[in-house]
Amino acid sequence: MDATEERLARELPAYARRVVDALEAAGFEAWVVGGWVRDALLGRPGHDVDVTTSAPWPEAERVLRAAGADVHETGVAHGTLTAVVDGRPVETTTYRVEGAYSDRRHPDEVRFVTDVREDLARRDFTVNAMAFHPKRGLLDPFGGRGDLGARVIRAVGDPRRRFEEDALRVLRAVRFACRLDARIEPRTREALVERAGGLADIARERVGQELDGILATGRVARALRGEFAVMAAAVPELAPMEGFEQRSPYHAHDVLEHTARVCAGVEEFTGGAASQALRWAALLHDVAKPACWSEDVSGRGHFFGHPAAGARVLREVMGRLAVPGETVRAARALVLLHDFEIRPTRASMRRMLAELEHACPGRARELSFALLDLKRSDAVAKASACMGYAVELDAMTRALREELAAGGVWRVRDLAVGGADVIRERGVEPGPGVGMVLEQLLAAVMAGELENDREAELAWLRW
Ligand code: ATP
Ligand code: MG
């Protein structure tokens with residue numbers, strides 16, 4: 001083993017080592033495979049550990065139980081068990097190849113094999129097709145280590161055939177290229193563009209998971225610029241953005257390049273820690289612009305109603321892709337309000353918080369900063385004419401911080417008085433009239449007509 005392999009052997013977590021050792025002590029062969037090996041070679045050993053073994057799953061289950069692990073039959077039809085050691089899960093799968101892909105009727109069928117190399121050969125990309133053993137070192141029949149070092153995504157085997165077997169790999173190639181900041185090897189890339197249409201036949205939730213994964217890398221801008229054919233095959237609603245010129249002094253780019261810049265911008269402004277909701281919102285904020293376009297007499301383009309139309313497209317797209325509802329609701333609120341007019345005053349920030357509260361109840365505080373990040377990215381991605389606005393946004397962020405630090409008032413329940421005060425001071429009957437008075441009071445406080453102070457509000461009620 002070389003120095004890197006020695007390092008991996010040291011870094012392999014003890015709980016995973018126990019799984020490998022138990023299987024081998026019982027006379028089987030076992031290797032660590034996939035994401036842990038790839039990421040550990042890159043110096044990121046935090047990935048969960050997957051093990052592949054020659055042991056048929058019932059034997060593996062027996063051996064691992066005897067070694068003191070909790071074993072769950074998480075996917076025995078595919079030969080997969082989950083062994084829990086010291087509270088940590090290790091997915092353990094019998095060497096296998098995918099079944100009758102040729103007829104595409106039984107993509108879930110698997111065939112168990114005896115040689116780990118056959119198991120590695122069924123994997124998608126060379127960087128994902130390495131096995132590691134803490135004593136035997138790296139098993140790398142397809143040159144994954146070299147590709148990883150050179151940051152290349154290369155299909156294992158004939159790329160065209162591999163994408164025909166499973167078109168989801170087209171999107172996975174883009175995900176790993178973004179994740180590893182890698183380029184896609186030319187023949188793999190050619191086959192990928194050719195086979196992107198196959199994504200239409202893939203289960204929507206699998207597509208959704210990979211897309212969510214692409215966004216989670218923080219490098220979706222790269223996918224939009226470099227592999228737009230794949231992105232548009234995954235989400236057909238994106239297609240009209242390409243080449244759509246905005247004919248407006250506020251826009252120097254087509255909708256696609258503008259969107260790529262906004263996606264990159266939200267990462268920059270959040271230090272790479274944007275929420276998934278903000279990332280989806282950046283991707284889709286202008287998706288309805290082509291459909292909402294109109295031209296005025298001077299030949300200038302307008303996009304009336306595109307935030308609301310975009311929010312509808314977003315709900316349709318993200319719902320279809322089975323993205324978790326809470327992400328959809330938050331992203332929808334951000335798209336809906338991305339053009340909402342704000343000024344650097346606390347009253348304006350309160351109005352923004354109230355709008356967010358209305359669009360996504362209970363999450364206004366959290367979303368308020370995301371909305372400012374989206375607006376800031378949107379401004380710098382437009383044209384130099386909008387740069388001043390980006391600077392103004394810093395003042396707005398300060399106003400928002402001040403407002404929140406002072407407790408924030410954008411919901412009836414943030415008021416210093418409540419329903420009982422209204423009933424007593426105004427003499428109104430309990431019922432909807434109480435809520436109406438409170439809404440009026442909230443509007444007055446939000447407009448800055450009075451402080452959110454109990455005495456001031458009681459005086460307002462008496463007046
Ligand atoms: P991540 O950190 O993104 O989960 P990963 O490498 O663990 O990375 P998974 O999608 O969890 O990726 O898959 C685990 C392994 O299974 C991959 O490394 C790859 O070897 C193999 N694999 C997964 N999906 C496919 C596929 N569609 N076709 C071929 N091999 C696949
Ligand atoms: Mg994984």
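Modeller: Axes here are lines fitted to C-alpha atoms, for helices over the stretch in contact, and angles run from 0 to 180 degrees between N-to-C directions. This is a predicted model, where local features need pLDDT of at least 70, side-chain atom pairs count only at pLDDT 80 or more, and totals for chains, interfaces and linings use all residues. Residues are numbered from 1 along each chain as its sequence is written, chains are lettered from A and ligands numbered from 1 in the order in which they are written, and side-chain values use heavy atoms, without hydrogens and water.

Biologist: What makes H21 and H22 roughly perpendicular?

Modeller: The axes of helix H21 (residues 419-426) and helix H22 (residues 432-446) cross at roughly 100 degrees and come within 9 Å. Angles under 35 degrees count as roughly parallel, over 145 as roughly antiparallel, 65 to 115 as roughly perpendicular and the rest as oblique. So H21 and H22 are roughly perpendicular to each other.

Biologist: Which residues of H21 and H22 make the contact?

Modeller: From H21 come Gly-419, Val-422, Ile-423 and Arg-426, and from H22 come Val-434, Val-437 and Leu-438. Contact means heavy atoms within 4.5 Å.

Biologist: How many helices and strands are there in the protein?

Modeller: The protein has 23 helices and 13 strands. They are DSSP runs, numbered from the N terminus (helices are H or I, at least four residues; strands are E, at least two).

Biologist: Why does Ser-348 count as buried?

Modeller: Buried means under 20% relative accessible area, exposed over 50%, partly exposed in between (1.4 Å probe, protein chains only). Ser-348 has 2% relative accessibility, so Ser-348 counts as buried. You'll find Ser-348 in helix H18 (residues 346-359). Leaving out residues up to four places away in sequence, Ser-348 touches Ile-342 and Arg-343. Across the protein's 463 residues, 52% count as buried.

Biologist: And what lies 2.8 Å from a polar atom of the side chain of Ser-348?

Modeller: That's the backbone nitrogen of Arg-343.

Biologist: Why does Ser-294 count as partly exposed?

Modeller: Ser-294 has 27% relative accessibility, so Ser-294 counts as partly exposed. Ser-294 sits in strand E12 (residues 294-295). Residues up to four places away in sequence aside, Ser-294 touches Arg-300, Gly-301, His-302 and Phe-304. From Ser-294 to Phe-176, C-alpha to C-alpha, it's 39 Å in space and 118 residues in sequence.

Biologist: On to the sheet. In what order do the 7 strands come?

Modeller: The order is E3-E4-E5-E2-E1-E8-E9, in an open sheet with mixed pairing. Two strands pair if DSSP finds at least two bridges between them.

Biologist: Why is one side of E3 and of E9 left without a neighbour?

Modeller: Strand E3 (70-75) and strand E9 (137-139) stand at the edges with a single partner strand each, so one side of each has no neighbour in the sheet. From one strand to the next, the twist averages 35 degrees.

Biologist: How do E1 and E2 run, parallel or antiparallel?

Modeller: E1 (residues 30-33) and E2 (residues 50-53) run antiparallel, joined by 4 bridges, and Val-32 stands opposite Val-51 in E2. E2 and E5 run parallel, also with 4 bridges, and there Thr-53 stands opposite Thr-94 in E5.

Biologist: Which helix packs on the sheet?

Modeller: Helix H2 (residues 14-25) does, touching strands E1, E2, E4 (80-85), E5 (88-94) and E8 (131-133). The directions of H2 and E5 make about 35 degrees.

Technical notes:
A polar contact is a pair of N or O atoms within 3.5 Å; within protein, one must be able to donate a hydrogen and the other to accept it, and residues adjacent in sequence count only if both atoms are side-chain atoms.
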